[in-house]
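Dear colleague,

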Amino acid sequence: MAQTRTQQQLDSTNRAVAALGEQVTGMSSRLDQSFENFTGAINEGFAVQDERQRTTQQQIEVLIGESQQNIRQHRDFMQRFDAITETLQSLLTQVLTRLNQLWDRAS
């Protein structure tokens with residue numbers, strides 16, 4: 001009798017342990033899936049961040065190129081402006097010289 005009762009308790013305990021084992025296996029599987037989802041989300045976030053960084057880098061490179069072009073155009077403009085200014089100064093000097101000559105003759 002005692003042996004039957006002990007066997008029943010042992011069987012009951014084994015069933016409980018087996019049920020707990022199944023629960024642990026199920027929880028482990030869900031944890032694995034959650035971890036995969038979490039790491040997938042992190043990797044996706046990194047991919048998005050990398051793409052944004054590449055886009056930003058490209059925009060910066062475009063702006064640098066445009067700025068360099070603007071600087072070259074400004075330098076060209078300033079060189080032409082300086083040449084025009086020198087020409088105007090020369091012409092003004094010639095006009096003033098000629099006016100002085102005419103004034104001297106008139107006086």
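Which residues make the nonpolar surface patch of about 450 Å²? The patch is formed by Leu92, Val95, Leu96, Leu99 and Leu102. Please note that the model is a predicted one. With a relative accessible area of 44%, Val95 is partly exposed.

On the overall form, the protein has 1 helix and 0 strands. Its radius of gyration is 45 Å, whereas the globule rule gives 13 Å for 107 residues; the protein is therefore more spread out than a compact globule. Along the principal axes, the C-alpha atoms fill a box of roughly 155 × 15 × 10 Å. Buried residues account for 0% of the 107 residues. The accessible surface amounts to about 9,900 Å², and carbon and sulfur atoms contribute 58% of it.

The structure also contains 1 aromatic pair. The ring centres of Phe77 and Phe81 are 6.1 Å apart and the ring planes meet at 25 degrees; because planes under 30 degrees apart count as stacked, this pair is a stacked one. Both Phe77 and Phe81 lie in helix 1, separated by 4 residues, or about one turn of the helix.

With kind regards

Methods. Residues are numbered from 1 along each chain as its sequence is written. This is a predicted model: local features need pLDDT of at least 70, side-chain atom pairs count only at pLDDT 80 or more; totals for chains, interfaces and linings use all residues. Side-chain values use heavy atoms; hydrogens and water are left out. Patches are made of residues with over 30% relative accessible area and no salt bridge: like charges are joined within 9 Å, nonpolar side chains (Val, Leu, Ile, Met, Phe, Trp, Tyr) within 5 Å. Accessible areas come from the Shrake-Rupley method with a 1.4 Å probe; for residues, only the protein chains shown count as cover. A salt bridge is a side-chain nitrogen of Lys or Arg within 4 Å of a carboxyl oxygen of Asp or Glu. Buried means under 20% relative accessible area, exposed over 50%, partly exposed in between (1.4 Å probe, protein chains only). Rings of Phe, Tyr and Trp (its six-membered ring) pair if their centres lie within 6.5 Å; planes under 30 degrees apart count as stacked, over 60 as edge-to-face and the rest as tilted. Helices (H or I, at least four residues) and strands (E, at least two) are DSSP runs, numbered from the N terminus. The radius of gyration is taken over C-alpha atoms; the globule rule is 2.2 Å times the number of residues to the power 0.38.
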